[in-house]
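Entries follow in the order in which I checked them.

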Protein chains: 2
Amino acid sequence: MSLVVQKFGGSSVADAKKIFNVAGRIVDAYNEGNDVVVVVSAMGDTTDDLIAKAKEINEKPSRREMDVLLSTGEQITISLLAMALEKMGYPVISLTGWQVPMITDSNNSKARLRTIKTARIMSELDKKKIVIVAGFQGVNELNDITTLGRGGSDTTAVALAAALKADVCEIYTDVDGVYTADPRKVKNAQKLNDISYDEMLELASLGANVLHNRSVELAKKYNVNMEVKSSFEKVDGTKVKEVRLVEKMLVRGVAKDDDVARISVIGIPDEPGKAYRVFDLLAKKNISVDIILQSIGRDNTKDISFTVCMDQLEDAVNIITENLDLLGAKEVKSRSDISKVSIVGAGMASNPGVAAKMFEALFDAQINIHMISTSEIKVSVLINEKNADRAVEVIHDKFFC
Amino acid sequence: MSLVVQKFGGSSVADAKKIFNVAGRIVDAYNEGNDVVVVVSAMGDTTDDLIAKAKEINEKPSRREMDVLLSTGEQITISLLAMALEKMGYPVISLTGWQVPMITDSNNSKARLRTIKTARIMSELDKKKIVIVAGFQGVNELNDITTLGRGGSDTTAVALAAALKADVCEIYTDVDGVYTADPRKVKNAQKLNDISYDEMLELASLGANVLHNRSVELAKKYNVNMEVKSSFEKVDGTKVKEVRLVEKMLVRGVAKDDDVARISVIGIPDEPGKAYRVFDLLAKKNISVDIILQSIGRDNTKDISFTVCMDQLEDAVNIITENLDLLGAKEVKSRSDISKVSIVGAGMASNPGVAAKMFEALFDAQINIHMISTSEIKVSVLINEKNADRAVEVIHDKFFC
């Protein structure tokens with residue numbers, strides 16, 4: 001007998017029929033003799049609808065009240081899913097974030113989990129109940145509702161799996177696993193049987209859209225065995241776990257991320273401390289920077305370019321613009337019609353030919369590269385957004401066909 | 001400076017515009033220097049929509065999960081109303097039932113309040129915040145969400161007013177006060193400036209639809225000054241409080257209740273203990289009985305007739321039918337095409353002419369009476385539902401014109 005944590009996203013519970021489908025997957029695991037803890041997101045477009053309701057009243061509501069509002073989304077799902085399981089004759093109980101409790105810090109709308117008290121869940125499992133937990137939400141030490149922000153439900157699931165020492169954390173999604181590229185766009189994409197945390201992390205943060213990187217980081221930290229599976233088809237998924245390096249595993253996948261904008265700070269004096277100033281300003285505004293490139297300009301000045309996600313573009317440009325004098329820089333430029341395309345694979349670092357092969361594929365397709373960034377297990381390039389899908393395809397086929 | 005509790009029902013917060021209207025009423029009280037605690041219901045049809053969602057999945061969901069679901073309704077309202085007040089520049093905080101906490105027993109879907117811990121609310125008031133509390137909901141000692149059932153938000157408001165020792169508990173509704181009859185149906189209906197708890201209690205339980213009797217009972221018990229006011233018009237409402245008896249105040253209002261069904265148990269042996277058995281069976285099923293009439297039948301048997309509200313009719317008939325042998329009765333009959341029409345007034349008991357005047361009005365209109373019930377301050381008659389509106393009008397005009 002095992003303890004299984006299952007997570008179902010919003011599209012998997014979008015209506016009554018889908019909720020019963022999910023209930024069927026839960027019952028399968030329960031009937032095999034497992035203890036089952038289920039994490040669910042808000043149904044379909046519920047979160048967007050709630051945000052629209054809020055915006056109708058206040059364009060900039062406090063994050064505390066926004067969390068009170070948004071947390072109702074998952075609360076609706078847990079109760080409806082519990083009712084479906086009751087209807088099927090199974091013992092079940094739903095728990096909100098504060099009922100578990102999932103204790104977080106007080107950073108509303110992007111709270112970090114601090115502690116999960118497992119006593120209530122364990123006691124319900126002892127009674128042979130299926131436990132349904134609201135994803136994405138928690139409670140801070142003042143008893144205020146918090147939400148975890150993007151990828152919150154995946155994070156809830158992995159954190160619960162870690163706290164409960166679950167045997168596996170199954171993440172059910174629209175796709176049936178992790179592919180070498182987006183299977184909706186690249187026809188030769190192949191499903192991977194397994195992938196390492198680090199590789200998944202690069203793929204997740206690079207826009208593969210299967211798992212959120214925060215949940216994978218957590219899984220790696222606590223060594224939680226994850227499995228990405230299809231909500232709708234009963235086929236094997238992709239296991240995310242510590243994978244031993246095998247020589248042939250050079251490139252594991254190609255990913256594309258359109259949610260990226262480039263900012264260039266032009267004409268910074270070529271003196272020590274200037275780069276530090278730029279990124280310190282951004283860090284203080286909680287702006288995450290991805291690729292950074294520094295180039296020597298003319299007249300003893302340099303240019304610093306970096307990428308941020310789209311919804312931080314405006315803030316980033318503003319903070320740099322306000323501090324142009326402090327930085328001694330001439331101007332700020334930005335563009336958002338760009339994409340990041342990346343290849344990921346744990347065997348890459350020791351094989352310099354990999355990056356060259358990627359660049360060759362892009363050259364063959366006459367796609368221009370704006371920036372390049374590499375790590376132990378990935379190579380990313382910034383290219384025009386309009387070329388991105390084609391780039392993924394040509395790079396993918398270069399490595400996998 | 002006073003402490004004011006304001007309660008706004010679902011139709012008063014049905015959309016963004018109405019929420020801002022409510023926010024305006026709150027701000028008026030706050031700007032006068034009052035501490036303001038606000039109780040709100042779910043917006044418009046939200047509760048009905050949630051119930052429909054549940055029924056789509058499970059016709060008979062557990063009451064625990066139903067409460068998890070329904071409590072999201074008020075949670076949405078409190079956050080949106082708080083956002084409206086933030087938008088207007090006022091300090092505000094929303095609190096769910098469990099955040100207050102409003103501690104109840106574990107009788108899900110019709111829980112009773114046990115204790116209200118006021119520390120959190122008091123500390124927010126000390127910070128000069130407007131406090132918005134979700135009506136209708138609480139939490140039991142196991143940390144499970146409960147709801148208070150019908151009239152729950154009124155009850156929340158009065159209970160909070162009692163616990164906080166508020167100076168007044170203002171109940172905002174569609175109508176601007178308590179009338180001598182339903183002003184939408186009786187053109188001569190007159191607004192009352194004040195009314196006693198007992199009179200209001202009879203009017204509430206008799207279907208006047210302004211305040212729920214549970215909240216009035218609570219107000220009477222803790223001597224909470226209530227005021228029924230219009231959400232939309234700024235006019236004086238009706239004060240509900242201890243009112244000294246004045247000789248001329250004979251009849252205060254005429255009310256109609258269509259939510260009533262009559263059950264007759266026919267041919268019960270005329271022996272001691274039989275009536276007890278009937279009502280003990282009903283009590284064990286938590287069925288509330290209103291008017292009771294016992295008549296001697298033929299052959300040493302008697303008939304017992306009583307009224308219940310419509311949604312308990314089926315249960316009541318079933319339990320009696322199952323126990324016909326135990327009761328030694330012949331059969332059960334029921335009809336639901338009836339209404340209860342009542343006159344209420346604290347001066348009534350000492351004036352026997354009042355009931356006669358009511359019956360005269362009905363006789364003049366050729367309306368037949370099925371059952372009669374009287375108390376210290378009311379006279380109720382059961383008549384055919386199709387005559388009910390006319391009955392209210394003729395009785396009203398007999399007394400008030």
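I set the burial classes before anything else: buried is under 20% relative accessible area, exposed is over 50%, and partly exposed is in between, with a 1.4 Å probe and protein chains only. By that scale B:D270 is partly exposed, because its relative accessible area is 40%.

Ground rules. The model is predicted: local features need pLDDT of at least 70, side-chain atom pairs count only at pLDDT 80 or more, and totals for chains, interfaces and linings use all residues. Residues are numbered from 1 along each chain as its sequence is written, chains are lettered from A and ligands numbered from 1 in the order in which they are written, and side-chain values use heavy atoms, without hydrogens and water.

**B:D270**

I placed B:D270 in the loop between β14 (261–269) and α8 (274–284) of chain B. Helices (H or I, at least four residues) and strands (E, at least two) are DSSP runs, numbered from the N terminus. Leaving out residues up to four places away in sequence, I found B:D270 touching B:I296, B:N300, B:T301 and B:K302; contact means heavy atoms within 4.5 Å. B:T301 is 31 residues from B:D270 in sequence, yet the C-alpha atoms are 4.8 Å apart.

**Aromatic pairs**

I counted 7 aromatic pairs over all chains. The rule takes rings of Phe, Tyr and Trp (its six-membered ring) with centres within 6.5 Å; planes under 30 degrees apart are stacked, over 60 edge-to-face, the rest tilted. A:F8 and A:Y172 are stacked, because their centres are 4.5 Å apart and their planes at 15°. A:F8 sits in strand β1 (residues 3–8) and A:Y172 in strand β9 (residues 168–173) of chain A, 164 residues apart. Both A:F8 and A:Y172 are buried.

I then took B:Y30 and B:Y90: edge-to-face, 5.7 Å between centres, 90° between planes. B:Y30 is buried at 18% relative accessible area.

**Interface of chain A and chain B**

How many residues of each chain are in contact? I get 42 of chain A and 42 of chain B. The area buried between the chains is about 3400 Å², with 61% from carbon and sulfur atoms. Buried area is the accessible area (1.4 Å probe) that two parts lose on being put together, summed over both. In chain A, A:I57, A:M83 and A:W98 lose the most area to chain B, together 22% of what that side buries.

I found 2 salt bridges across the interface, where a side-chain nitrogen of Lys or Arg lies within 4 Å of a carboxyl oxygen of Asp or Glu. B:R120 forms a salt bridge with A:D144, closest N and O atoms 2.8 Å apart.
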